[in-house]
Amino acid sequence: MISRPRSAVAALALSGAALVGLVINEGYSDKAIIPVPGDVPTLGFGSTTRDDGSPVRLGDQTTPPKALGKALRDVQAYEGKLRQCVTVALTQGEYDAYVDLAYNVGPRAFCGSSLVRRLNAGDYDGACAEILRWRFYQGKDCSLPENKRLCGGLWIRRQAENARCAGAGP
């Protein structure tokens, strides 16, 4: 494995490639939708809140430029939370993977996780491996073939985040 330089989290920002991957993974909808049964309404590129911080409601609408702007604001907020809870230096790939994960699961869940505890203890490999534990949706293991239709995309996303974290992704 090639050693990649690590930087203080405060010096990092989500890479352009990771932002593109994030919005592709989230998908776009100009109308508020419930992306999967039992989920909360999302709008644009997976945003769950309006600009004023209130929850997205069915019937809300957006445009691609507004949705991308909202996604950027959301990412910046999640980056701020990540900077508060991660105390060790990261590679760009690790940072990108963790921001993508936090965007998907929420910063509170991310920062309170065993992944962050392992990471802050200096167990970089173990922390990257923890990404693959976030493979469940409504109690279903998304890595299992029988759950592919329900949530197989989540498992694909976790594998890509894990690869990026380990230095194998863009």
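This is a predicted model: local features need pLDDT of at least 70, side-chain atom pairs count only at pLDDT 80 or more; totals for chains, interfaces and linings use all residues.

## Pocket, salt bridges and disulfides

The largest pocket has a volume of about 880 Å³. Its lining comprises 33 residues, of which E26, P35, D39, N104 and R157 are the closest to the centre.

Helix α7 supplies the largest share of the lining, eight residues. Sorted by class, the lining holds 14 nonpolar, 13 polar and six charged residues.

### Charged pairs

Side chains of opposite charge can pair when their charged atoms come close. Across the whole structure, 13 salt bridges are found. One of them joins the side chains of R157 and E26, with an N to O distance of 2.8 Å. Because R157 belongs to helix α7 and E26 to helix α1, this pair ties together parts that are 131 residues apart in sequence. Both residues are also among those closest to the centre of the largest pocket. R157 is buried, at 6% relative accessible area, whereas E26 is partly exposed at 22%.

E130 counts as buried, with 7% relative accessibility, while R118 is partly exposed at 35%.

The side chains of R135 and D141 meet in another salt bridge, with N to O at 3.0 Å. R135 is partly exposed at 22% relative accessibility, and D141 is buried at 13%.

### Cysteine links

Three disulfides are found in a search of the whole structure. When the bonded cysteines are numbered in sequence order, the pairing reads 1-2, 3-6, 4-5. The sulfur separations are listed below.

| Disulfide | S to S distance |
|---|---|
| C85 and C111 | 2.2 Å |
| C128 and C165 | 2.0 Å |
| C142 and C151 | 2.1 Å |

The disulfide of C85 and C111 is left-handed, with -65 degrees about the S-S bond. C85 lies in helix α2 (residues 64-85) and C111 in helix α4 (residues 107-111), so the link ties together parts that are 26 residues apart in sequence. C85 is buried, since its relative accessibility is 15%, whereas C111, at 23%, counts as partly exposed.

For C128 and C165, the torsion about the S-S bond is about -75 degrees, and the disulfide is therefore left-handed. This pair links distant parts of the chain, with C128 in helix α6 (residues 124-130) and C165 in helix α7 (residues 148-165), 37 residues apart. Both of these cysteines, C128 and C165, are buried.

The link of C142 and C151 is left-handed as well, with -110 degrees about the S-S bond. C142 is buried, having a relative accessible area of 3%, and C151 counts as buried at 6% relative accessibility.

Methods
Residues are numbered from 1 along each chain as its sequence is written. Side-chain values use heavy atoms; hydrogens and water are left out. A disulfide is a pair of cysteine sulfur atoms within 2.5 Å. Helices (H or I, at least four residues) and strands (E, at least two) are DSSP runs, numbered from the N terminus. Buried means under 20% relative accessible area, exposed over 50%, partly exposed in between (1.4 Å probe, protein chains only). On a 1 Å grid over the protein atoms alone, a cavity is a set of points where a 1.4 Å probe fits but cannot get out, and a pocket is an open set with protein on both sides within 12 Å along at least five of seven lines; lining residues have an atom within 4 Å of a point. Grid points are joined across faces, edges and corners, and a volume is the space filled by probe spheres set on the points. Ala, Val, Leu, Ile, Met, Phe, Trp, Tyr, Cys and Pro count as nonpolar, Asp, Glu, Lys and Arg as charged, and the others, Gly among them, as polar. A salt bridge is a side-chain nitrogen of Lys or Arg within 4 Å of a carboxyl oxygen of Asp or Glu.
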